[in-house]
Amino acid sequence: MPELPEVETTVRQIRPLLVGQRIGDVRVRWAGSIVGRQVAGLRRALIGSRIERVWRRGKFFVFDLCHELRGRSYLVGHLRMSGRLWIESEGRPHDRHARVEIVLEGDQRLVFADVRKFGRLCLTQRPNEILGCLGPEPLTPDFTRAWLARALSNRRRQIKPLLLDQTFLAGLGNIYTDEALFRARIHPLRLAHDVAPAASQRLTKSIRQVLAAAIRREGSSFDSYYRTPEGRSGRYQERLLVYGRTGQPCRRCGTTIQRIVVAQRGTHVCPRCQPTPPAGRCAGGRG
DNA sequence: AGCTACTCCTGGTAGC
DNA sequence: TGCTACCAGGAGTAGC
């Protein structure tokens, strides 16, 4: 599932092919991919616009657009579970999961494909209405040990659902949350305010490390859905320490990796490296 | 504030 | 082989 590393990889690969291009046409093959199903409005705004910038915030990708008559607008998108972006020749037969196609100059098109149809595109003049509520970016200087320690101390909430909350920290999903918690030796059910200072420091570092390493390997192709825009599988799944390793030995201590459910999400833990919080030090969920 | 349950979806797979 | 049933999961929302 696309998380920060997969979206970053996607943006890096499509950016050089998109910036400076003018949009010639837009084909919406499934209106549900457009927020509010405003297909006509989306087409009107996009056709004739030039793509000025392609960037990422959390798991969102953003195209800054400029139209000679209509001025500036922003296409903000989210890949959710199974969304993909790539650029291909207009001559190719369309992919059966293509939901939106944006026709560019030079006989090329940008394809937004999405098997499970959870992904969304939103055209807006005010991207901050979508992006403004996101927490800090974990790979920028505002994400520090001091910030995380203070933010955790304020929250009475299980650490895993907190890390998945995009308004708390932007970009982590199920895979990299499990990986970061394992590396920091924190059980996912531990209450945020109960994470020890040393563990909080390890967590800051492990979040940065796991995301940076995953970007270097172009993300994780854990299921068959994620491919880079250039058509390759990610290579970080080979490095995963707990995610998807239920029943296999922990790479650190050899104990069998367990799968539990936390906040309705499949969650992978090493019961020895990530000891279960004592009773009263974790809320709700089962171990 | 923070929990659970439900919704949106399809492809893959288990069971018969 | 072919059918049904169920599951995964990011994020939004409702209800408690």
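A polar contact, as the term is used here, is a pair of N or O atoms within 3.5 Å; within protein, one must be able to donate a hydrogen and the other to accept it, and residues adjacent in sequence count only if both atoms are side-chain atoms. This is a predicted model, in which local features need pLDDT of at least 70 and side-chain atom pairs count only at pLDDT 80 or more, while totals for chains, interfaces and linings use all residues. Residues are numbered from 1 along each chain as its sequence is written, chains are lettered from A and ligands numbered from 1 in the order in which they are written, and side-chain values use heavy atoms, with hydrogens and water left out.

The surface facing DNA strand B can be taken up at once. If a residue is called near a strand when one of its heavy atoms lies within 4 Å of it, then 13 residues surround DNA strand B, and the closest are His97, Val115, Lys117, Arg156 and Arg157. Of the atoms of DNA strand B that come within 4 Å of the protein, 72% belong to sugar and phosphate. By class, the residues here are 4 nonpolar, 3 polar and 6 charged, where Ala, Val, Leu, Ile, Met, Phe, Trp, Tyr, Cys and Pro count as nonpolar, Asp, Glu, Lys and Arg as charged, and the others, Gly among them, as polar.

A polar atom of its side chain lies 2.9 Å from a phosphate oxygen of DNA strand B, and its phi is near 60°, a positive value in a residue other than glycine. Lys117 lies in the loop between β7 and β8 (120-124), helices (H or I, at least four residues) and strands (E, at least two) being DSSP runs numbered from the N terminus. With a relative accessible area of 28%, Lys117 is partly exposed; buried means under 20%, exposed over 50%, and partly exposed in between (1.4 Å probe, protein chains only). Asp107 also has a phi near 60°, again positive in a residue other than glycine; Asp107 is placed in the loop between β6 (98-103) and β7 (108-114) and is partly exposed, with a relative accessible area of 48%.

DNA strand C has 13 residues around it, of which Lys59, His78, Arg80, Tyr243 and Arg259 come nearest. Phosphate oxygens of DNA strand C lie 2.9 Å from a polar side-chain atom of His78, 2.8 Å from one of Tyr243 and 2.9 Å from one of Arg259. Sugar or phosphate makes up 61% of the atoms of DNA strand C within 4 Å of the protein, and bases make up the rest. The classes on this surface are 4 nonpolar, 4 polar and 5 charged residues.

Gln166 lies in the loop between α5 and α6, and a polar atom of its side chain lies 3.0 Å from the backbone oxygen of Leu164.

In soluble globular proteins, nonpolar side chains tend to be buried together. A nonpolar core is a set of buried Ala, Val, Leu, Ile, Met, Phe, Trp, Tyr and Cys residues joined through side-chain atoms within 4.5 Å. The largest one here has 31 residues, of which Leu152, Ile159, Leu203 and Ile207 touch the most other members. Helices α4 (145-153), α5 (159-164), α6 (174-183) and α7 (197-216) each supply at least two residues of this core, and α7 gives the most to it, with 8 residues. Apart from this core lies another, of 24 residues, among them Val26, Leu46, Val54 and Phe63.

The whole structure holds 4 aromatic pairs, counted where rings of Phe, Tyr and Trp (its six-membered ring) have centres within 6.5 Å; planes under 30 degrees apart count as stacked, over 60 as edge-to-face and the rest as tilted. The rings of Tyr176 and Tyr236 have their centres 6.0 Å apart and their planes at 45°, so this pair is tilted. Tyr176 in helix α6 and Tyr236 in the loop between α7 and β9 (258-262) are 60 residues apart, and the pair thus links distant parts of the chain. Both Tyr176 and Tyr236 are buried.
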